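Let's take a friendly walk through this model, one topic at a time. Have the sequence and the 3D view open as you read.

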Amino acid sequence: MNKTGRVIRVLSDRFVVATALGEEITVKARKRHKKDGLLAGDSVKLDFLGGEYVLSEVLPRKNALIRPPVANLDCLIITLAPLPLPDFLTIDKMLINAHRIGLETVLCINKSDIAPQGFAEEIMRQYANVADEIVSVCAANGDTDALKPLLRGKFSCLAGQSAVGKTSLINEICGKNRQVGDLSEKSGRGKNTTTGVELIPLGENGFLADSPGFGALDLFEITYSELMLYYDEYVRFAHGCRFSTCTHTEEPNCEVRSAVERGELNAERYERYKLLYTELKTKSQNRKSWRYANEYK
């Protein structure tokens, strides 16, 4: 009667687990599992005890994201749209966080029916050869054919700002009727209707997860001195830099900066790289100052 499965929803005091047979079993949360921070996507073992299933073991994770909080992903679908206006800095951070744990990444441009001329081309200019795939879809018109083949047999998660149409894509692809959000007339930002990560089973052992939208994001477990390693397009040019430890910010004879000046690397993305570098360096210096101040009180 023992079973294995994947956590598809994390509730306040329960977990919903999908088994390989297509069953959905709700189990009570034990204190130790709450403490351990069980995530949607975790693989678990269930034991049948006292007439009900209990969660007996959480299997080792191959990866995990903090935001959205999900484990054992194969692919992160970073969703954006003409409205709300894309937050490119947040997109960069999502790409870096995904790169850190070895995820495939897809940039999915939704609402292509209202995209101004040149919108998709601008996304391509900034992210060609950065994301693994870039596709354009329109959930409102049922046009998701470019995305569907990328989901087969994988566990993918839709992530991005509120109101870019993640839930609409779930509804169209999975045949669901989940509540969708809209833009706030006052702020122009999305209103959240998704409150937690939920996995929707697909055919061929695949899952597609919806996640709450967000307007800000941190980089996790990355230092300023290694940030450049998460920009593959910079790594390709770095062999031409004068210093092997070049950060591509202010060192002389930097081939990455030269490539930006020649138009071989996107200038807007490079400016955001420098912002992230400064942000991480400032945080590091502040932490050192705090530790020093507390050690010598």
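Please keep in mind that the model is a predicted one. Which residue forms a salt bridge with Arg-9? The partner is Glu-24, and the closest N and O atoms of the pair are 3.7 Å apart. Because Arg-9 sits in strand β1 (residues 3-10) and Glu-24 in strand β3 (residues 24-28), the pair ties together parts that are 15 residues apart in sequence. Glu-24 is also partly exposed, at 45% relative accessibility.

## Bridges from helix α2

Helix α2 (residues 88-100) gives us another pair to look at. Glu-279 and Lys-93 form a salt bridge, with 3.5 Å between the closest N and O atoms. Glu-279 belongs to helix α7 (residues 267-295) and Lys-93 to helix α2, so this contact ties together parts 186 residues apart in sequence. Is Lys-93 buried or exposed? With a relative accessible area of 7%, Lys-93 is buried, whereas Glu-279 is partly exposed at 24%.

Arg-100 meets Glu-221 through a salt bridge of 3.2 Å, N to O. This pair links distant parts of the chain: Arg-100 is in helix α2, while Glu-221 is in the loop between β13 and α5 (232-238), 121 residues apart. Arg-100 has a relative accessible area of 21% and is partly exposed; Glu-221, at 64% relative accessibility, counts as exposed.

## A network and the total

Some charged side chains are connected as a group. Asp-92, Glu-233, Arg-269 and Arg-272 are linked in a network of salt bridges. How many salt bridges does a search of the whole structure find? The search finds 18. As a reminder, side chains of opposite charge can pair when their charged atoms come close.

## An enclosed strand

Now turn to strand β11 (residues 155-160). Why is β11 described as largely enclosed by the rest of the structure? The reason is that 6 of its 6 residues are buried, and buried here means under 20% relative accessible area. Phe-155, Cys-157 and Ala-159 point one way from β11, with Ser-156, Leu-158 and Gly-160 pointing the other way, and all are buried.

β11 also has strand partners. Strand β8 (residues 75-80) runs parallel to β11 and is joined to it by 5 bridges; Ile-77 has Leu-158 of β11 as its bridge partner. Strand β13 (residues 207-210) pairs with β11 in the parallel sense too, over 3 bridges, and here Cys-157 is partnered by Ala-209 in β13.

Key: Residues numbered from 1 in each chain as written. Predicted model: local features only at pLDDT ≥ 70, side-chain atom pairs only at ≥ 80, totals over all residues. Heavy atoms only, no water. Buried < 20%, exposed > 50% of the residue type's maximum accessible area, 1.4 Å probe, protein only. Helix = DSSP H or I, 4+ residues; strand = E, 2+ residues; numbered from the N terminus. Pairing = 2+ DSSP bridges. Salt bridge = Lys/Arg side-chain N within 4 Å of Asp/Glu carboxyl O.
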